[in-house]
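This briefing concerns the model shown below.

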Amino acid sequence: MDKITKETYLKWYEDMLFWRKFEDKLAAVYIQQKVRGFLHLYNGQEAVLAGSLHAMDLTKDRMITAYRNHVQPIGMGVDPKRVMAELYGKVTGTSQGMGGSMHIFSKEHRFHGGHGIVGGQIPLGAGMAFGDKYFNRDNVTLCYMGDGAVRQGSLHETFNLAMLWQLPVVFICENNGYAMGTSVARTSHSTEIWKLGLGYEMPCGPVDGMDPVAVAQEVSKAVERARSGGGPTFLEMKTYRYRGHSMSDAQHYRTKDEVEEYKKIDPISQVLEIINTEGYATEDEIKEINKRVKALVLECEKFAEESEYPPVNQLYDMVYEQDDFPFVQHK
């Protein structure tokens, strides 16, 4: 991987700050019941996405993840206004308001969705990688999961086939410590999740998921390995979420002091410190970035607020219908 440049640090700062503020706004409107259902926020984990995007070729590589999935498509190039509108259930959303918080999707930008079934995206990610290999496409799929999902049997089935067929996929566990609300130590004999790859002789290892530089370095190696025919990699990103599993999480399983300790290594603060230390931006330039971020968040909110809800007939448009389907008798 090339040296991280001034431009990259400035982009990371602006992107991660926007993702954080975008979701802070979602939390606020959720309390106002403008966003309904479940809402799983990414606050604290932004370095994993920032570093990963730096390692990807966004013209051809794919991404698939679980239901903590609002800012990933934005990083992949999806208009954030459409993401906000989807969360509001509006017709201008990424799935015309029919997917909601847990199912953001963009075929155009190769973001293959958030998935509500725990671990459901793991075999799907390998399947997309299989398609790329079968058709000799020079693409890599990044497949993300939480620490709770690695207890699913589908992960082991997928790892076995991914190694057997040497698929161009990078499996990334975003280990934020608590799954839905139970610590890794209480649900797994081994707390070193990355070691699951050893049983399949899959290249694997732990990564500091609070540092975008560390993430970019390790994901770059994994992507290069996959693209060159070297097969899959399994990376455990040790990260932390500042908010609960979802907005309904009372967080009785941890203390406020623990959360505050992790905020001392906040990825946004880390990047800003480097920018200040290296003199990459003046105080006024940082203020200008902050101003742009705030304005864009408000623009997204305004767009979502003013968009229309889907018409009732759209419900019928979303149902698959084929009159001449075999074995089906139409009266």
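At 0% relative accessibility, His70 counts as buried, a term that means under 20% relative accessible area, with exposed meaning over 50% and partly exposed in between (1.4 Å probe, protein chains only). The model is predicted: local features need pLDDT of at least 70, side-chain atom pairs count only at pLDDT 80 or more, and totals for chains, interfaces and linings use all residues. Residues are numbered from 1 along each chain as its sequence is written, and side-chain values use heavy atoms, with hydrogens and water left out.

**The loop between strand 1 and helix 3**

- His70 lies in the loop between strand 1 and helix 3; helices (H or I, at least four residues) and strands (E, at least two) are DSSP runs, numbered from the N terminus.
- The side chain of His70 makes a polar contact of 2.8 Å with that of Glu23, where a polar contact is a pair of N or O atoms within 3.5 Å; within protein, one must be able to donate a hydrogen and the other to accept it, and residues adjacent in sequence count only if both atoms are side-chain atoms.
- A polar contact of 2.8 Å also joins the side chains of His70 and Ser101.
- Leaving aside neighbours within four places in sequence, the residues in contact (heavy atoms within 4.5 Å) with His70 are Glu23, Leu26, Leu39, His40, Leu41, Val83, Leu87, Ser101 and Ile104.
- Arg68 lies in the loop between strand 1 and helix 3 (71–76), and its relative accessibility of 10% makes Arg68 count as buried.
- A polar atom of the Arg68 side chain lies 2.8 Å from the backbone oxygen of Leu41.
- Beyond its neighbours within four places in sequence, Arg68 is in contact with residues including His40, Tyr42, Gln45, Asn176 and Arg241.
- From C-alpha to C-alpha, Arg68 and Trp165 are 29 Å apart in space, and they are 97 residues apart in sequence.

- Five strands form an open sheet in the order 1-2-3-5-4, with parallel pairing; two strands pair if DSSP finds at least two bridges between them.
- Strand 1 (62–64) and strand 4 stand at the edges with a single partner strand each, so one side of each is left without a neighbour in the sheet.
- From one strand to the next, the twist averages 20°; axes are lines fitted to C-alpha atoms, for helices over the stretch in contact, and angles run from 0 to 180 degrees between N-to-C directions.
- Strand 2 and strand 3 are parallel and pair over six bridges; the bridge partner of Tyr144 in strand 3 is Ile172.
- Strand 3 (residues 169–175) runs parallel to strand 5, and six bridges join them.
- In strand 5, Val170 has Thr233 as its bridge partner, Cys173 has Glu236, and Glu174 stands opposite Met237.
- Strand 4 (residues 204–208) pairs with strand 5 in the parallel sense over five bridges, and Met237 in strand 5 is the bridge partner of Val207.
- The chain passes from strand 4 through helix 8 (residues 212–227) to strand 5 in a right-handed β-α-β crossover, right-handed meaning that, with the strands pointing away from the viewer, the path from the first strand over the helix to the second runs clockwise.
- Strand 2, helix 6 and strand 3 likewise make a right-handed β-α-β unit.

**Burial of the strands**

- In a regular strand the side chains alternate between the two faces of the sheet.
- In strand 3, seven of its seven residues are buried: Val169, Phe171, Cys173 and Asn175 on one side, and Val170, Ile172 and Glu174 on the other.
- Five of the six residues of strand 5 (residues 233–238) are buried, so strand 5 is largely enclosed by the rest of the structure.

**Helix packing**

- The axes of helix 1 (residues 6–31) and helix 8 come within 12 Å and cross at roughly 110°.
- That makes helix 1 roughly perpendicular to helix 8, on a scale where angles under 35 degrees count as roughly parallel, over 145 as roughly antiparallel, 65 to 115 as roughly perpendicular and the rest as oblique.
- Tyr9, Trp12 and Met16 of helix 1 make this contact with Pro212, Val213 and Ala216 of helix 8.
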